[in-house]
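Try each task before you read its solution.

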Amino acid sequence: MMISSLFAVRKKLDSKHRIYVSILSFIVPLVIWSLISYVPFLWHPKVEISAPGDVAYFNEGMLIDREIFDKEVEIARSESRIIPEGRPANPVYLPAPHEVATALYTAFTTEPKRRNEKWLHESLWDSIQVIFWGFFISSLIGVPLGILAGTYDVFSKLFEPFIEFFRYLPAPAFGALAVAILGIHEAPKIAIIFIGTFFQQVLIVSNTTRKLDPSLLEAAMTLGAKRLSLLFRVVIPGIITHLYKDLRILLGWAWTYLIVAELIGTSSGITWFITQQARYKNFENVYAAIIIIGIIGLSTDIVLAMLGKKLFPWKKGMAKA
Amino acid sequence: MKHLELPSYLEQSEDVKDRFDRMKKRPVALQVKNLQKEFDSPQGQVTALNDINFETYKREFVCVIGPSGCGKSTLIRILAGLETPTSGEVLLDGKAVHGPGPDRGMVFQGYTLFPWLSVKKNVMFGLEMSGHGKAVSEEQALQWIDLVGLSKFANAYPHQLSGGMKQRVAIARALANQPRILLMDEPFGALDAQTRAKMQSYLHEIWKNIDVTILFITHDLDEAVYLADRVLVLKAHPGEVQELIEVPVPQPRSPEQLLSPEFLATKKRLEDLIHPPEVDTGLNGDHLNMVRMVDVNDEVESVF
């Protein structure tokens, strides 16, 4: 394959190259991370002490700024004392890939420090439940409202101006209020996810509904379809595939509200795990937890995409949605 | 060049004349009375249709033709009930129509098949809307699909079909409701010439065998003359009836007639009505500002 064909404007790559390039999109950041972690002269602003020598405050395994270390070495040399030894290291907040890879496993097997604390999988399960309920309740109300607003102008004018205003209010701003009303446990967190999702959802769904080709509605009317059958037999099936895609994107947004939501009231779920591990300076666990969120998000999306193909067989082989 | 000597389009052979006489004794299917349509536009009020009057007889095939801007699409949309006239009336079998309904089937240029339904379910749609049960609808739908020759594709989705096949499904879907009149808005406009010719024959075949009046909009003169019993010619700005031409080409039609004298005479008449010889006032200068851009020493001196 010629290089130039890789850069053809708006042309699809052949399937083999698409896979290679997709894999590359993960490989590139990983390689950059590995280079910074494993190549001693790249960055490495710290020194990990391997032998303290005669410097009183050095301990083995300690991380010291390189300038301070160099200065101490200079002093030790000039006073002909035992020179401390060490090797270049990165700050504690940047663990190497293999450490995080190990942590992906060990984070699940590390026992909580206190008895009442939760294991990682329990924290994750809490988070997933918060997301689920927040998103579910939002969709339960938001999707019908959106479809109504997109179908009937009267509902559009009734709902949308207020929602346009409300969606600019940042969801986390309602944290204190949510706690005051709903207590400190799961409910206010679900409320934050709801607030973060719902208002966008109504607007996006109504917009999607409006994009339905009006000639389909006209065709249905000339075939005798009236009010409700227009809504249920034409509008909804007509937008369902786009609606499904909207919901997949919105679910991704719901995850971004999770971290804020979980800080409200009693910290819980994956956020609690992350802050706790950061406090103990177990940064590899922090990265592991963040990566797990990514994996959960991406795999849900992939599963939903595959499910979509099953649910909407007429999409198969259709040129463009 | 010598021009062909064509007869007048008003000359009808005995058979043709007899057929028109018999046709005019049939009951009136569609009656349009003093139809007026005005739009508000940024440039002020625009009259799209001005005092349109005509009637069609039962099982007649009428083509509507006219230059762009003559309001032929507006007319058919009003007949379908998708738009309301500013004034005037549309009567179907003597009854005024309001809003869209299954008694007037419509076939659009853009197919408008429901992409989420299979061919069969698309055709069943109207039947179910008018309260038929699933089993009855399915049985009837399959008959209509068979009629348009798509039995093999009953379970296919619209996106798997070619343009001509899609339009056949759309015709079957509209006919399944057994409408009194079938309104067709440039249905073959998006098809290539070959498919279009085939579809015209199919449509004539269907029309011959089914109790339905057809009102067919087109901008293709050949298509209008080939298909129609009578051609309604509109003129633009505002849209008004210019002439209702009785096509002197004998029925049943076949492609060989495309070069018959009656056919050409009718086509010539339409041509004159729709594209009248332009009087060059110098003001309506819709022409290319061409200067010679070929090198003086070019190998090809002139293309003529």
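**Exercise 1.** Which residue in E3(A) does A:Lys46 stand opposite?

*Solution.* Keep in mind that this is a predicted model. Start with the two strands: E1 (residues 46-51) and E3 (residues 85-89) of chain A pair in the antiparallel sense, over five bridges. Now look across from A:Lys46 into E3(A), and you will find A:Ala89.

**Exercise 2.** Find the residue in E2(A) that stands opposite A:Lys46.

*Solution.* Strand E2 of chain A covers residues 63-65, and three bridges join E2 to E1(A), with the two running antiparallel. In E2(A), the residue opposite A:Lys46 is A:Asp65.

**Exercise 3.** Describe the side of chain A that touches chain B.

*Solution.* Begin with the count: 15 residues of chain A are in contact with 22 residues of chain B. Next, ask which elements of chain A give two or more residues to this side: they are helix H9 (214-222) and helix H10 (227-263). H9(A) provides the largest share, six residues. Finally, sort this side of chain A by class: eight residues are nonpolar, six polar and one charged.

**Exercise 4.** Explore the largest nonpolar core and the surroundings of B:Val225.

*Solution.* This core has 116 residues, and those touching the most other members are A:Ile193, B:Leu215, B:Val225 and B:Val231. Helix H8 (residues 186-210) of chain A gives the largest share, twelve residues. Now zoom in on B:Val225: leaving out residues up to four places away in sequence, its contacts include B:Val231, B:Val247, B:Phe263 and B:Leu270. Another core, of eleven residues, lies apart from the largest one, and A:Ile270 and A:Ala288 are among its members.

Note on methods
Residues are numbered from 1 along each chain as its sequence is written. Chains are lettered from A and ligands numbered from 1 in the order in which they are written. This is a predicted model: local features need pLDDT of at least 70, side-chain atom pairs count only at pLDDT 80 or more; totals for chains, interfaces and linings use all residues. Two residues are in contact if their C-beta atoms, placed from the backbone, lie within 7 Å. Helices (H or I, at least four residues) and strands (E, at least two) are DSSP runs, numbered from the N terminus. Ala, Val, Leu, Ile, Met, Phe, Trp, Tyr, Cys and Pro count as nonpolar, Asp, Glu, Lys and Arg as charged, and the others, Gly among them, as polar. A nonpolar core is a set of buried Ala, Val, Leu, Ile, Met, Phe, Trp, Tyr and Cys residues joined through C-beta atoms within 7 Å. A residue is buried if 20 or more other C-beta atoms lie within 10 Å of its own, exposed if 12 or fewer, and partly exposed in between; C-beta atoms are placed from the backbone. Two strands pair if DSSP finds at least two bridges between them.
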